[in-house]
Structures are given as structure tokens and as C-alpha cells.
Amino acid sequence: MAIVKVEKVSKRYPLGEQVVEALRDVSLAVEPGAFLAIAGPSGSGKSTLLNIIGCIDTPSAGRVLIDGQDVSGKTPDQLADVRARTLGFIFQTFNLLPVLSAEENVEYPLLQLRELSRAERRERVAHYLDMVGLARYGSHRPNQLSGGQRQRVAIARALATHSRLVLADEPTANLDRETGRSILELMQRINSQAGTTFVFSTHDSHVMAMADRLVHMEDGRILREETAGALQAEEAGA
Ligand code: ADP
Ligand code: MG
């Protein structure tokens, strides 16, 4: 069963007298374990689609199923629970809380999981900080970390709740190429070792080339799609 199913989703934003059609009749199914990139120019609807999949925003028409559950009919409390237990979100600008240490940032979403004891929370924080290579940086605040390290903290935070699906909106856009590549490699490793599904957006061709599946968007629509074989052939030819 698909972990994400987007069915004929449209999103319209009122903008003064006008209406912006951010998504037009978008359908997409994502299988568990996918490493999927959404590519497209600025304004093509990538963030809107990720926000709707991530239950941060709601569609104007159509429906979204996460793990087979239709999220459109859910109350804000139920949505918060889906977000807390199934999804992790990684943002272009990292979105760490500046007054909290790396450890506290990773622990923060775990506070919503009432069944975890303090000791269990601490254990998870240590485990995921270690996984992203930041075991020694737990007490550092975001402004004491580099961009790449901040994004690693955000990845640990996204995984700590045992998310099966991680959504990443242009996760490398604020990083230099080398650091961006290492962040993508970390995501790939987690994808292949833990089976975590990743859906990420980008407009960087190097990042697109690392996906197993690539969906091209333009003007609120999905234009076409490529799979790993075609992507590798394209890269080899380039
Ligand atoms: P991308 O992430 O691909 O750059 P977005 O999903 O952010 O694209 O935006 C798609 C379109 O929707 C753009 O035309 C953008 O201006 C518009 N849009 C996005 N969010 C809003 C909003 N909150 N209000 C009005 N228009 C919006
Ligand atoms: Mg965007």
C-alpha cells in the first residue's frame, strides 16, 4: 500500500482580487521506501504539495491519504497526531529553535509522545544525534553550528519520532554543493538502512540525480516522471 496518495488535489490561494492556482489536479502515489525528488522552478507548487502531504496545509479539492488514512476529514488534533507519529519535516532554513541546544531541538517533538519516559527520550536523542554524526555537539545551540550541522540536527529531529515518512523542502538550498551532497548522502543512507521514505523538493540537478524517482512540476501540475535507470543514464550522458 502506498504511504502517500495524493488524489486530484488542487490548491487555490486568494490573493487580493485574484486567485493563485498553486496546484492543479495533482495525483501522486508514493510507495514505502521511496527516495523521491520533486523538481521544478520557483513557484511551480513544490512547497504547496509538500505542505499538503505534511498536513501543514489543506487542499481546496481532492484528497490525501497518509498510510491509507484520509487526512482531509481529520480534526486539527488528529492531524497533529498524524504529524507527530508518522511524519518528519525538514526545511530549507533548518527551522531549529535558536534558544534550544541540538539535543533539546531533537527532543522537542518527542515531548508530544506521552508514552515515552524521560530516559527513553534521552536515549533516542543520543541515538539520532549519533546517527547524523553529531554525538559531540549535543549541547551546542544552532548559532554554534554550521549550516550542514544544523540540517543534520533537523534530520535527527525528523527521525527521532520514528517517522516512516520524511518530507524535505529544498533541504540543500542554503548549503554549499559539497555540504548539500553530504546531507543527501545521509538521507540516502537512512533510506536504504532504515527504509524511511523520503520525499524532497529541489531545483538543483545534482540533487535530482540522487533520487530513485523524479517528478517534474511546472505551473502547479506534474509534467512528467523519471525513474532511477533513466536518471543514471542521463547523468552518465551529461
Ligand atoms: P515552489 O515551492 O515550487 O517555489 P510554491 O508552492 O511555494 O512553489 O508556490 C506555488 C504558487 O502558489 C506560487 O505562485 C506562489 O506565489 C503561490 N503561493 C504559495 N503560497 C501562497 C500563499 N500562502 N498565498 C498566496 N499564494 C501563495
Ligand atoms: Mg518552495
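This tour moves through the structure stop by stop, saying what to select and what is found there.

The model is predicted, so local features are given where pLDDT is at least 70 and side-chain atom pairs count only at pLDDT 80 or more, while totals for chains, interfaces and linings use all residues. Residues are numbered from 1 along each chain as its sequence is written, chains are lettered from A and ligands numbered from 1 in the order in which they are written, and side-chain values use heavy atoms, with hydrogens and water left out.

**The sheet of four strands**

Begin by selecting β2, β1, β4 and β5, which in that order form an open sheet of 4 strands with antiparallel pairing. Strands (E, at least two residues) and helices (H or I, at least four) are DSSP runs numbered from the N terminus, and two strands pair if DSSP finds at least two bridges between them. At the edges stand β2 (18-30) and β5 (69-70), each of which pairs on one side only. Moving to β4, residues 61-66, you find 2 bridges that join this strand to β5, the two running antiparallel; Leu-65 has Asp-70 of β5 as its bridge partner.

Next select helix α1, residues 46-53, which packs on this sheet and touches β1 (4-15), β2 and β4, its direction making about 120° with that of β1. Contact here means heavy atoms within 4.5 Å, and such angles run from 0 to 180 degrees between N-to-C directions, with axes as lines fitted to C-alpha atoms, for helices over the stretch in contact. Leaving aside residues up to four places away in sequence, Thr-48 touches Lys-11, Tyr-13, Ala-22 and Leu-23.

**The sheet of six strands**

Now select the open sheet of 6 strands, whose order is β6-β7-β8-β3-β9-β10 and whose pairing is mixed. Its edges are β6 (87-90) and β10 (221-227), and because each has a single partner strand, one side of each is left without a neighbour in the sheet. From one strand to the next, the twist averages 20°.

Start at β6, which runs parallel to β7 (residues 165-169) and is joined to that strand by 4 bridges; Phe-89 has Leu-167 of β7 as its bridge partner. Helix α5, residues 147-160, packs on the sheet here and touches β6 and β7, with a direction at about 170° to that of β6. Helix α2, residues 76-86, lies across β6 and β7 as well, running at about 80° to β6.

Then go to β9, residues 213-218, a mostly covered strand in which 5 of the 6 residues are buried. On one side, β9 pairs with β3 (residues 35-39) in the parallel sense over 4 bridges, and Ile-38 has Val-215 of β9 as its bridge partner.

**A last stop in a loop**

Finally, select Leu-111, which sits in the loop between α3 (102-107) and α4 (118-131) and is partly exposed, with a relative accessible area of 43%.

How values were computed: Buried < 20%, exposed > 50% of the residue type's maximum accessible area, 1.4 Å probe, protein only.
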